[in-house]
Structures are given as structure tokens and as C-alpha cells.
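Good morning, and thank you for joining. I would like to take a few minutes to present one structure.

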Amino acid sequence: MIKFYFIRVFYKITSIAIFCLIAKISFSQNRPFAQSLIDTLSSKAFYGRGYVNNGDKKAAEFLAHQYSKIGLKSFKKTGFLYEFKFPVVVFDKKCKVKIDNHKLIAGKDFIVNPGCKSINKRLKLTQIKTLNDYPSKNRRALFYDTSFRQDKNHINQSNKYKLKITLQKKLTWSVAKGYDDVAGIEILNTSFPEKHKKIRVKIKSRIKQHSASNVIGYIEGHEVKDTFIAITAHYDHLGMMGNVIFPGANDNASGTSMMLDLAVYFAKNPPKYSIVFMAFAGEEAGLIGSKHYTDNPLEKLPLSKIKFLINLDLMGSGEKGMAVVNATIFPDYFNKIQSINKDKNYLSGFKVRGKAANSDHYWFTERGVKCFFFYLMGSYSHYHDINDTAENLKLGEYYDKSFLLIKDFILSI
Ligand SMILES: [Zn+2]
């Protein structure tokens, strides 16, 4: 009898353990899956998911393929992509800068201003400290440090020079929809040679009417089908500056990957309300994809049917907690996520923020949709630069914890 009793207990414990293991593998977060998506999306094959070599288009197609693999439903017969157009400044060709005989390395030593016109010149360098320093002849390249840039009146004397150079502590690139008045570049402080007489600069840019797509799919709720919880993340990044790729692993391959991982979870665990997954394009060019959606919502997904929206951007760290944009606007929802976090002890804490136009949630907030924008905080410092790579961004325990926190929060809405 005793022997059999032990066998029964042993059998029970083993089967519970196996069940828990399977449940953990198939019914919860999947960090290796998210990491592999980050690795893929920030690889060279996607060209920084921007405006050179159809990088963002390739990423959109990859995401649509993931959506169908996961089993998301589409609002239309022809797939998950929703196209729109906008102008953008593109740098297709290699950007070259040389100071005297010293070649600067693109992306590492210098970046071009996102709205930089084409320029192919050799110019004398002049440092600007006061308004009196402006030269009378305009065949000059002016350089100044960031403390000087604070006075716009100085810089607006654009007819007096051909190129402006800002010396920076860190290079942070961006995207522009049109040209600046004067061609401009930024050079890293430590890369600017001590002796400097002349600069040779060759930059070719053009304004392109770019066509991009939002990628939208959903899981039907098992109780309330026509009311949606929206999970959003922008998948675009800065693309390329000539031959230099900005991979955008944290910004925002990380948020896109967590969104897909949540989609996998909810596909296996059908939620009460329908959940729509929206991967936006054109965020870095000025929140364009999300603006396009709020201006042209789908008939089957009007803004009034979105019960709550969660935007994920910069989800690769987390050791210093999570920022919640709109926390002060929707205190009831913020209390919910706070009490979940307290009960389960997921993250160290929250940064409580008000309204901010810093990611795709913004246009939804403006149109009266309840929403939060979550971003994780930590020591990861590569922002809008060439080092925001998959090699530098390895997901850890905070990925699991923030995934579980967000999943629990979604279930509490
Ligand atoms: Zn971003």
C-alpha cells in the first residue's frame, strides 16, 4: 500500500511539474522568441527599417508574415498592411567629411543634420562664439559648441555661411520631412581635430515621397467581440545615412517584439475583449503612422471601440523600472498597474508622467482614447545612434517581468 501511495504521489507531483513546465513554455512570455525577433529586425537585411533600400517595407512584410503565423485575423481580405505616403529627406549616397587631411568616419565621428541639403564643397572653418564672429563673406563653414546653439538668432544668419557644424558630446540622429535653411552636420567633440583650417564635405540628399504601411491584425475576444484593447509599437527606425545603418534594436525592435510575444500569448489564451495589434510606420519622422490611423480609422475599428491602448517603445532594459506616460491623466488605470506590480513584485517602480507627444499613443490621447505609453528605464544608453544593435541589447529577466506586468494589466482592464 505504502509503495503504491508513493508512486501515486510521485506520479502526481511529476505530472504537475510537467504541466507547469509546458504552461511556462507555451502560455507565458517567450524571451528567446522576442530576442530572435530583435536580432532579425535590427539585422543588416532590414537596413535600419527606414528609407534606404526599402528597409521599412521589408520589415512590414516580415511583420505581416509573423501575424499570419501567429494566427491574427485581418480586417480586410488582402492582408495586414495599410499604406500611406509622406515626404522624407533621404541620404542614399555615402556621406563624406574631411578636415584638412583627416577623414572623419560617418556615424561614429559625425552625422549629417536630418534636414541637410546636398552640399559638395571645400570651405574655411570659422569658430563662432559671439554675434560679431560672423564672417562677411559666405564661403565659410561655421562651427560652435552646444552652449552656443541655444541662441537661435545667431544661427539664423543663414545667408552668411554655407555649412554649420555643431560639436556634440554624443551623436543622436533623427529623420526630417523637409530641408533646413542651411546644410549642417554634427561632429563628436572628441573627433574634431585640434588643428583645423578647411573642411571638405560631400553630402547628397533628396526629398522622397515615401510610401509606408501600418501593420494591423487582431485576436477576437471570447466575450466582447466589438470592443478592443489595442497594443501598439512602431517598427520603423532611422534607416541609413549613406552606407551607415542605424539598427534600432531598442528603438523599437524591442517594443515590436514584445507586442508580437503578447500576440502569441493571447492567441493561445483568448481574451475577454478583442485585442488589436498595431505596428506603426513613420514614427521617427514625426508620429506619422499613428496620425494616419487616427485620421483614417478602419470602419471595423473606430476609435470609440478602443477600450484602452498600450503603446510600447524602448522595451529593452528595465532595471530602473518603467515610465508610464499619461499616468496622471488616467489615475484609475495607473492605480491598477501599480497594485499588480506591488502584489507580484515585478519591477522596482514607476516613473509617473503626464501627457507627452513622444510616441504613437499621442494622437490617440488627443482623440480621447484612453491610453498609456510604457517605456523601460535602465542603463542602456544607445539612443538613435549606430550602437543601438542587437549585440548590445540582450534581453534579461526584466523582459520577463515587464511582459508579465503588462499581460496582467491587460487582463485587469
Ligand atoms: Zn521609438
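I shall discuss a cavity, then one aspartate, and finally a helix.

This is a predicted model, in which local features need pLDDT of at least 70, side-chain atom pairs count only at pLDDT 80 or more, and totals for chains, interfaces and linings use all residues. Residues are numbered from 1 along each chain as its sequence is written, and side-chain values use heavy atoms, with hydrogens and water left out.

How many cavities of 30 Å³ or more does a search of the whole structure find? The search finds one. A cavity here is a set of points on a 1 Å grid over the protein atoms alone where a 1.4 Å probe fits but cannot get out; lining residues have an atom within 4 Å of a point. At least three lining residues come from each of domain 1 (30–89 + 208–412) and domain 2 (94–203), with bounds taken from an automatic or database domain assignment.

Leu238 leads us to Asp251: their C-alpha atoms are separated by 9.4 Å, at 13 residues apart along the chain. Asp251 lies in helix α6 (residues 249–268). Asp251 counts as buried because its relative accessibility is 3%, where buried means under 20% relative accessible area with a 1.4 Å probe, protein chains only. Beyond residues up to four places away in sequence, Asp251 touches, among others, Arg49, His234, Glu284 and Asp388, contact being heavy atoms within 4.5 Å.

Finally, in helix α10 (residues 397–412), the buried residues include Asp400, Lys407 and Asp408.

How values were computed
Helix = DSSP H or I, 4+ residues; strand = E, 2+ residues; numbered from the N terminus. Expected span 1.5 Å × (residues − 1). Buried < 20%, exposed > 50% of the residue type's maximum accessible area, 1.4 Å probe, protein only. 1 Å grid on protein atoms, 1.4 Å probe; cavity = no way out; pocket = protein on both sides within 12 Å on 5 of 7 lines; lining within 4 Å. Points joined across faces, edges and corners; volume = space filled by probe spheres on them.
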